[in-house]
Amino acid sequence: MDETRLQALHDEVLDWRYKSIPAEAHGKTIAEWIATRPIDLETPSVILWDDALRRNVKAMADWCTSRGLALAPHGKATMAPQLWRRQLDAGAVGITVANTFQAGVAHHFGVERIIIANQVTDPLSIARIGTWAAAGTRLAVFVDSLEAADHFDYEVGTPIDVYVELGAPGGRAGARGLAAALDVAAAVRTAPNLRLAGVAGYEGAVAAGTDAAALAAVDAYLADLAKLFAALDFDVDRPVVTAGGSAYFDRVSAILGPLAAEAEVVLRSGSYLVHDHGFYARMTPRARGGDGPELVPALQAEVRVLSRPEPGLAILDGGRRDLPFDQDLPIPLGMEGAVCSQISDQHLFLTGARESLAVWETVELGLSHPCTSFDKWRLLPVVDEETGWVVDAVRTFF
């Protein structure tokens with residue numbers, strides 16, 4: 001990655017634009033503020049635990065290496081180039097993104113290999129991709145229809161790698177069925193500016209649970225993806241087979257891992273980096289007794305009690321603008337019997353709160369679903385667990 005651009009992030013001057021950063025830091029660069037070993041943040045705040053990040057990065061890298069898998073983590077989970085750097089330094093082969101804007105962030109910060117795990121049909125976006133590819137960035141995009149293949153070939157202007165995406169009924173994108181995917185592959189192979197470089201899928205589109213039926217559906221889908229790979233002739237010496245969200249990557253390893261002798265099997269899991277206290281705490285392979293690395297939550301919020309208007313109820317100063325709520329509401333930590341029961345734009349309802357919890361006291365919260373945690377914060381302090389000092393600050397780009 002581009003060291004100069006990464007280091008320049010620490011030269012940004014802190015001011016009123018950054019939530020949770022105290023006024024005493026305003027006017028300092030991020031580097032200058034960190035050098036003061038700060039501890040206090042305004043509430044609501046969301047922080048990253050430094051040691052937990054390191055543990056998760058290493059655990060996933062070691063797990064992939066031991067199983068012969070490559071990892072191109074999905075950058076949309078954090079949109080934080082400083083965190084992408086940690087993943088790449090640990091052996092990730094590239095960064096996955098979901099659209100051209102995200103690819104632009106990765107390109108700006110010097111990511112050398114980018115997988116756009118989505119269809120791209122906008123002509124201006126395709127032109128940008130072509131410019132990057134012509135300048136030497138290694139790029140690949142998904143294609144799932146004859147129309148998309150023809151349109152991309154016409155607009156791109158330079159040869160580019162394409163992975164044919166296999167979908168599933170009711171899923172988002174992806175060719176519906178092997179026959180349709182084979183037709184798309186044939187169209188890619190005849191297109192002058194496209195190289196058939198692999199096949200792709202997303203097993204999370206076929207299941208949402210951890211029971212035997214859900215896992216069987218995932219396995220069946222991945223088996224079809226393996227059949228698609230076996231049926232194709234590719235335009236590159238070592239084609240790619242890519243799948244793997246952050247919930248079923250053990251099944252990807254089991255079903256697609258055996259293809260590693262003839263293909264680069266690339267996982268796109270991204271949320272492992274920070275894990276969580278909710279959705280992924282339930283869904284990751286290790287949590288359900290599957291084959292996976294041990295991950296720990298690296299993301300936490302701190303909020304403050306605004307009001308105690310009724311017995312057993314505390315109103316906290318974090319809301320939808322600050323905290324994720326799409327998978328689960330935040331989880332109070334160290335408060336047995338208390339739950340977050342409702343959330344509004346700037347308020348969080350804590351029910352079952354102990355009567356001694358007073359106005360002005362702080363409450364620590366575990367969070368669920370990293371992808372909708374990071375997008376609410378421009379800057380996330382990274383905190384050392386032992387000292388409580390802020391040791392870094394991560395910029396996000398949404």
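**Cysteines**

I started with C371 and looked for a sulfur partner. The closest cysteine sulfur is in C64, 17 Å away, so the two are too far apart for a bond. I took a disulfide to be a pair of cysteine sulfur atoms within 2.5 Å. Such a link is a covalent bond between the sulfur atoms of two cysteines. My search of the whole structure turned up zero disulfides.

Next I checked burial. I called a residue buried under 20% relative accessible area, exposed over 50%, and partly exposed in between, using a 1.4 Å probe and protein chains only. C371 counts as buried at 15% relative accessibility. C340 is buried too, with a relative accessible area of 10%.

**What I am working with**

This is a predicted model, where local features need pLDDT of at least 70, side-chain atom pairs count only at pLDDT 80 or more, and totals for chains, interfaces and linings use all residues. Residues are numbered from 1 along each chain as its sequence is written, and side-chain values use heavy atoms, with hydrogens and water left out.

**The largest pocket**

On a 1 Å grid over the protein atoms alone, a pocket is an open set of points with protein on both sides within 12 Å along at least five of seven lines, while a cavity is a set where a 1.4 Å probe fits but cannot get out. Lining residues have an atom within 4 Å of a point. Grid points are joined across faces, edges and corners, and a volume is the space filled by probe spheres set on the points.

The largest pocket has a volume of about 670 Å³. It is lined by 34 residues, and those closest to its centre are K76, R172, Y202, G245 and Y280. Two elements give two or more residues each to this lining: α11 (279–283) and α12 (371–374). I read helices as DSSP runs of H or I, at least four residues, and strands as runs of E, at least two, numbered from the N terminus. Helix α11 gives the most, with three residues.

What is the lining of the largest pocket made of, by residue class? I counted 16 nonpolar, 13 polar and five charged residues. Here Ala, Val, Leu, Ile, Met, Phe, Trp, Tyr, Cys and Pro are nonpolar, Asp, Glu, Lys and Arg are charged, and the others, Gly among them, are polar.

Where does the largest pocket lie? Domain 1 (3–49 + 296–395) and domain 2 (54–273) both give residues to its lining, so the pocket lies between them. The domain bounds come from an automatic or database domain assignment.

**The cavity**

I found one cavity of 30 Å³ or more. The largest cavity has a volume of about 50 Å³. Its lining includes E165, R172, Y202 and Y221. The residues of that lining divide into six nonpolar, two polar and two charged.

**The annotated span**

I checked the UniProt record. An unreviewed entry places the annotation "domain: D-serine dehydratase-like" on residues 298–384. UniProt positions follow the numbering used here, feature names are shortened, and annotations may be inferred rather than shown by experiment. In the model, the span is 5% helix and 43% strand, and its end C-alpha atoms lie 11 Å apart.

Most residues other than glycine have a negative phi, and most peptide bonds are trans. I looked for exceptions.

- H275 has a positive phi of about 50° although it is not a glycine. It sits in the loop between β9 (264–267) and α11, and is buried at 6% relative accessibility.
- W360 also has a positive phi, about 90°, and is not a glycine. Its loop runs between β14 (348–351) and β15 (362–366). W360 is exposed, with a relative accessible area of 65%.
- The peptide bond from T43 to P44 is cis, with omega near 0°. P44 is in the loop between α2 (30–35) and β1 (45–49).

P293 is in the loop between α11 and β10 (299–310). P293 counts as buried at 8% relative accessibility.

D122 lies in the loop between β4 (113–116) and α6 (123–134). Its relative accessible area is 37%, so I noted D122 as partly exposed.

A149 belongs to helix α7 (residues 146–156). A149 is buried, with a relative accessible area of 3%. Its C-alpha is 9.2 Å from that of T121, 28 residues apart along the chain.
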